[in-house]
Structure formats: structure tokens, C-alpha cells
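Student: Can we go through a few positions in this one? I'd like to start with what counts as a contact.

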Amino acid sequence: MKKTITILLCLFAMLLTLFSGCAAKEPDTSLSAILSEIREKTGITDGLVLTDADLLELYGIEPADVADHACLSSMNGIFPDEILMLRAANEDALLRIQEKLDRRLSEVLNQSKSYDAASYAVAQKCRVDVRGLYIALFVSGQHEDMTRLYDAHY
């Protein structure tokens, strides 16, 4: 009986260790540093770095819902670049931000669908990425490179 209890306790401890390792990690650097790296490695030299007011005006994201962000919008080229990386203030705020980013992605899909097949194909590959309280959306012809650079910090 003692052996069974000991084994069960060991299994329980191993499960707790496993689940704590699966918890959402924070990036190993600041969101603004990740944005700088993405800009450098993708060659995006222009673009407007978005403020709290811009996030509210363009996406409907309330400043109180955002603990930190690094966002950029560039309207040059056939397919514009939108880089949105945010840390939500809490889980409720995360859900509100996710709703806004999902809506934005849907708008991009609808716009690109009526524009041309190549733009629509690019837009279809873009995703809203949620990791704990962190959420990101890369709408760009270079979204795969941006996502890979973002992933490298988790």
C-alpha cells in the first residue's frame, strides 16, 4: 500500500512539473526589440509605428486593455504590412483584443478576395497568434518570415 501511494505521489509530481512547463512563456526580449528585428530582417524601412491612439482608431483596441505593444502599419506596395504584437492587461482584455484582431483579419480577407487571387492567397495564410497574454497578427506578404522571427523569442 505504501509503494502504491508513493508511486501515485511521484506520478502526480511529474504531472505538475509537465503542466507547469506547458504554461505560456513570455518572450525573451521586449516586443519593441522584436519589432526592430522584424523590420531589419524583412527590410521594412517605412511605416508608421502605432500609438495607443492609433490602436483605438484603427482597430478599436482600448488602451486600458493593452499592457504593452509594438505595432507598425505600412501601406506601401501591393499588399500592405501590418505588424501587431500586444500583451493584454488581463485575460478579459485578451479576449477583447482577439475579437478585434480576428475582425481585422476578416476585413483583410474580404478586401483581398475582391482585389486579386495572389493577395487573397497571402491573406489566407495570416493568423492571429495567442500565447498566454501575448497576441500577434502579421498581415504581410512576408508574414511567414515575421512569424518565424517572432517564434524565435518564445
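Tutor: Contact means heavy atoms within 4.5 Å. The model is predicted.

Student: Fine. Which residues does S112 touch, not counting residues up to four places away in sequence?

Tutor: Beyond that range, S112 touches F79, S119, Y120 and A123.

Student: And where is S112 placed?

Tutor: S112 is in helix α4, which covers residues 91–115.

Student: Is S112 buried or exposed?

Tutor: Buried, because the cut-off is under 20% relative accessible area and S112 has 5%.

Student: What lies 3.1 Å from a polar atom of its side chain?

Tutor: The backbone oxygen of L109 is at that distance from a polar atom of the S112 side chain.

Student: Switching to R104. Which helix is that in?

Tutor: R104 is also in helix α4. R104 is buried, at 14% relative accessible area.

Student: What does R104 touch, leaving out residues up to four places away in sequence?

Tutor: R104 touches Y59, E82, Q111 and L137.

Student: Last one, D129. Which strand?

Tutor: D129 lies in strand β4, residues 128–131.

Student: Why is D129 called buried?

Tutor: Because its relative accessible area is 19%, and buried means under 20%.

Student: Which side chain makes a polar contact with that of D129?

Tutor: The side chain of R131, at 2.8 Å. Outside four places in sequence, D129 is in contact with Y134, I135, A136, Y150 and D151.

Technical notes: Residues are numbered from 1 along each chain as its sequence is written. This is a predicted model: local features need pLDDT of at least 70, side-chain atom pairs count only at pLDDT 80 or more; totals for chains, interfaces and linings use all residues. Side-chain values use heavy atoms; hydrogens and water are left out. Helices (H or I, at least four residues) and strands (E, at least two) are DSSP runs, numbered from the N terminus. Buried means under 20% relative accessible area, exposed over 50%, partly exposed in between (1.4 Å probe, protein chains only). A polar contact is a pair of N or O atoms within 3.5 Å; within protein, one must be able to donate a hydrogen and the other to accept it, and residues adjacent in sequence count only if both atoms are side-chain atoms.
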